[in-house]
Amino acid sequence: MHPPDWPGDGERRSEARRNLLFPTTARGQNGESQPVLVRDISARGLLLETEEGVRLDPVVTVNLPEAGDVEANVIWQ
């Protein structure tokens, strides 16, 4: 279930996305950090790349430049 202010599934991918390519970390609920690569980002989502075989927790904290640590829900792996 999505929070009430999120657009519907059909509307979400139409948001403006910025293509990026920068390394950062994603920290799982257990506190363990994994290196990730941010591929693109929008106001409500981002695309992360992980090393082959790495599975992320359902909720991760991603360190973003100028925003700091931001909590994200993993919806597809």
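Let's start with a salt bridge: Glu49 pairs with Arg39, and their closest N and O atoms are 2.5 Å apart. The term here means a side-chain nitrogen of Lys or Arg within 4 Å of a carboxyl oxygen of Asp or Glu. This pair links distant parts of the chain, with Glu49 in strand E3 (residues 46-49) and Arg39 in strand E2 (residues 33-41), 10 residues apart. Glu49 is partly exposed, at 35% relative accessible area. Arg39 is partly exposed too, at 35%.

A word on the source. This is a predicted model, where local features need pLDDT of at least 70, side-chain atom pairs count only at pLDDT 80 or more, and totals for chains, interfaces and linings use all residues. Residues are numbered from 1 along each chain as its sequence is written, and side-chain values use heavy atoms, leaving out hydrogens and water.

How many salt bridges does the rule give? Two. Arg27 and Asp69 form one of them, at 3.7 Å from N to O. Again, distant parts are linked: Arg27 sits in strand E1 (residues 18-27), Asp69 in strand E5 (residues 68-73), 42 residues apart. Arg27 is partly exposed at 31% relative accessibility. Asp69 is partly exposed at 47%.

Now the whole chain. It has one helix and five strands, in the order α-β-β-β-β-β. Those are DSSP runs: helices H or I, at least four residues; strands E, at least two; numbered from the N terminus. Of the 77 residues, 23% count as buried. Buried is under 20% relative accessible area, exposed over 50%, partly exposed in between, with a 1.4 Å probe and protein chains only.
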